[in-house]
Amino acid sequence: WPPSLALLVFFFLLILPIAYIVIGVIYIDECPINRWIPIYLIVAGILGLLQNGLMLTRRCIPPGGAAYISYIVYEMIIAIAALIWFIIGTVWVYSVISKVCFNPYDVRCYCNSVCYWFAFFMITISYVLIVIVLVVACVVLGLSLQHFDRPQIAPAPYSEAEYEEAVRNRHTSGADQTEGSDTPGNLVGLLMSAEGNFRRYNSVSQRTERSEETPQPP
């Protein structure tokens, strides 16, 4: 991997979950409006570290073995737990967005600004990334379906050079027959069939190209 990409992956896999844990621990008693918000950060960070650690460890194990499959199962369990915890955290953070205040003397609505806004922005960024992934997936799927819907044209039974040679032989055979030659009569029929197949192939190809170039109505 390029160094910049490797640094970005390292940040998301290790540094970000650690930041969740550190901020949650530091401000665990500084969010009386909902004391579960710092706890959400701590648990989310622990789940993230576990999942990322299992994923990095699995890359060092040869695929196909029992240990490899076990790591996949553990990752799936932790991923499901992280998803459920993420949804719960979303409810806790978004439900107080209109009530939260950052005045430490008002214990009814106080939550430390670093703790709350970190949780809020991390959850919001996660939703934005999910939407982007879904949009890209839909675009890729649509392009794939459009590619498969195109009519499949069978290859021409004869090349252009073979077609021209068949036409020349046809004229030669016709001339020989008119002069009383004993050339078999079915040869001319075969050559005419080859010419007809080639012309039909060219006609279908041209119609298909024109239909693809014609813009579709909105």
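I take buried to mean under 20% relative accessible area, exposed over 50%, and partly exposed in between, with a 1.4 Å probe and protein chains only.

I note that this is a predicted model, in which local features need pLDDT of at least 70, side-chain atom pairs count only at pLDDT 80 or more, and totals for chains, interfaces and linings use all residues. Residues are numbered from 1 along each chain as its sequence is written, and side-chain values use heavy atoms, with hydrogens and water left out.

I looked up the aromatic pairs, for which rings of Phe, Tyr and Trp (its six-membered ring) must have centres within 6.5 Å, planes under 30 degrees apart counting as stacked, over 60 as edge-to-face and the rest as tilted. By this rule I find 13 aromatic pairs. One of them is stacked, joining tryptophan 36 and tryptophan 92 at 5.2 Å centre to centre with 25° between the planes. This pair links distant parts of the chain, 56 residues apart, since tryptophan 36 lies in helix α2 (residues 36–58) and tryptophan 92 in helix α3 (residues 66–94); helices here are DSSP runs of H or I, at least four residues, numbered from the N terminus.

I then checked accessibility: tryptophan 36 is partly exposed at 45%, whereas tryptophan 92 is buried at 18%.

I turned next to phenylalanine 102 and tryptophan 117, whose ring centres are 5.7 Å apart with planes at 40°, so the pair is tilted. Phenylalanine 102 sits in the loop between α3 and α4 (113–149), and tryptophan 117, 15 residues apart from it, in helix α4. Phenylalanine 102 is partly exposed at 34%, and tryptophan 117 is partly exposed at 33%.

I finally recorded one aromatic cluster, formed by Tyr94, Phe102, Tyr116, Trp117, Phe120 and Phe121.

Note on methods:
Helices (H or I, at least four residues) and strands (E, at least two) are DSSP runs, numbered from the N terminus.
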